[in-house]
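I opened the model to look up a few residues and the elements around them. My notes follow in the order of looking.

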Amino acid sequence: MHGPFDIVIDDGSHVFEHQIASFDTLFPRMSPTAVYIVEDTHTSYLPDFEGGIRKPDTFIEYGKHVLDQVNAPFFADPNSRAEWLAEHLYSVSFYDSMVVFEKRPKAAPFVLAIGAEGHRQVPVFQDLAFFRRKRSLL
């Protein structure tokens, strides 16, 4: 296996299981700042490819699930893989026939308090476990 990769463009078989397996295998092995692109995702909607609108096993639906992990610090998810994605996945963008995943280091979430004393950063999210306990997410 080579790597780490900075850019991966998946323009392969267009079989959903293959697209998902490729992402699951390659994305964790990419460099800390990388872009992963899956092309021809319109096949997720085509009956010829066993696709359909909101059909659960398509790559588009998988991409929507992965998108949730961008905001995973704010909800409970016992899945360790989701936890890993939450720490490494910076963004997911959907385009016509393409999904783009951006990997880069993420800062811990924080609250910016604005009031009579001016702007100040409130470090309530520095400890993710504390945040989840406070929000009853653990």
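Predicted model: local features only at pLDDT ≥ 70, side-chain atom pairs only at ≥ 80, totals over all residues.

I looked up strand E3 (89-95) and strand E4 (98-103). E3 and E4 pair in the antiparallel sense over 6 bridges. They form a hairpin with 2 residues between them. I checked the turn and found that Ser97 has a positive phi of about 65°.

**Ser91**

I placed Ser91 in strand E3. Its bridge partner in E4 is Glu102. Is Ser91 buried or exposed? Ser91 counts as buried because its relative accessibility is 18%, and the cut-off for buried is under 20%. Leaving out residues up to four places away in sequence, I listed Val70, Val100, Phe101 and Glu102 as the residues that Ser91 touches.

**Salt bridges**

I counted 2 salt bridges. In one, the side chains of Arg104 and Glu102 meet at 2.7 Å, N to O. Arg104 is partly exposed, at 32% relative accessibility. Glu102, the bridge partner of Ser91, is also partly exposed, at 22%.

In the other, the side chains of Glu61 and Lys64 meet at 2.9 Å, N to O. Glu61 and Lys64 both lie in helix H2, 3 residues apart, about one turn of the helix. I recalled the general rule: an α-helix has 3.6 residues a turn, so residues three or four places apart point the same way. Glu61 is buried, with a relative accessible area of 19%, whereas Lys64 is partly exposed, with 36%.

**Core**

Which residues have the most contacts inside the largest nonpolar core? I noted Phe27, Tyr36, Phe59, Val66, Leu89 and Phe101, in a core of 20 residues. Helix H1 (16-26), E2, H2, E3 and E4 each supply at least two residues of this core. As a general matter, nonpolar side chains in soluble globular proteins tend to be buried together.

I then followed Leu89. Beyond residues up to four places away in sequence, Leu89 touches Phe27, Val66, Val70, Phe101, Glu102 and Lys106.

**Helix H1**

I listed the buried residues of H1 as Phe16, Gln19, Ile20, Phe23 and Leu26. Why are they on the same side of H1? They cover an arc of only 150° around the axis, and this puts them on the same side of the helix.

**Met30**

I found Met30 in the loop between H1 and E2. At 4% relative accessibility, Met30 counts as buried. I checked Pro4, which is 26 residues apart from Met30 along the chain, and read a C-alpha separation of 4.6 Å. Not counting residues up to four places away in sequence, Met30 touches Pro4, Phe5, Asp6, Ile7, Val8, Val35, Tyr36 and Lys103. Among these, Tyr36 was already in my notes as one of the residues with the most contacts inside the largest nonpolar core.

**Leu46**

My last entry is Leu46, in the loop between strand E2 (34-39) and helix H2 (59-68). Leu46 counts as partly exposed, at 33% relative accessibility. Setting aside neighbours within four places in sequence, I noted Gly51 and Gly52 as the contacts of Leu46.

How values were computed:
Residues numbered from 1 in each chain as written. Heavy atoms only, no water. Helix = DSSP H or I, 4+ residues; strand = E, 2+ residues; numbered from the N terminus. Buried < 20%, exposed > 50% of the residue type's maximum accessible area, 1.4 Å probe, protein only. Contact = heavy atoms within 4.5 Å. Core = buried A, V, L, I, M, F, W, Y, C linked by side-chain atoms within 4.5 Å. Pairing = 2+ DSSP bridges. Arc of directions from axis to C-beta. Salt bridge = Lys/Arg side-chain N within 4 Å of Asp/Glu carboxyl O.
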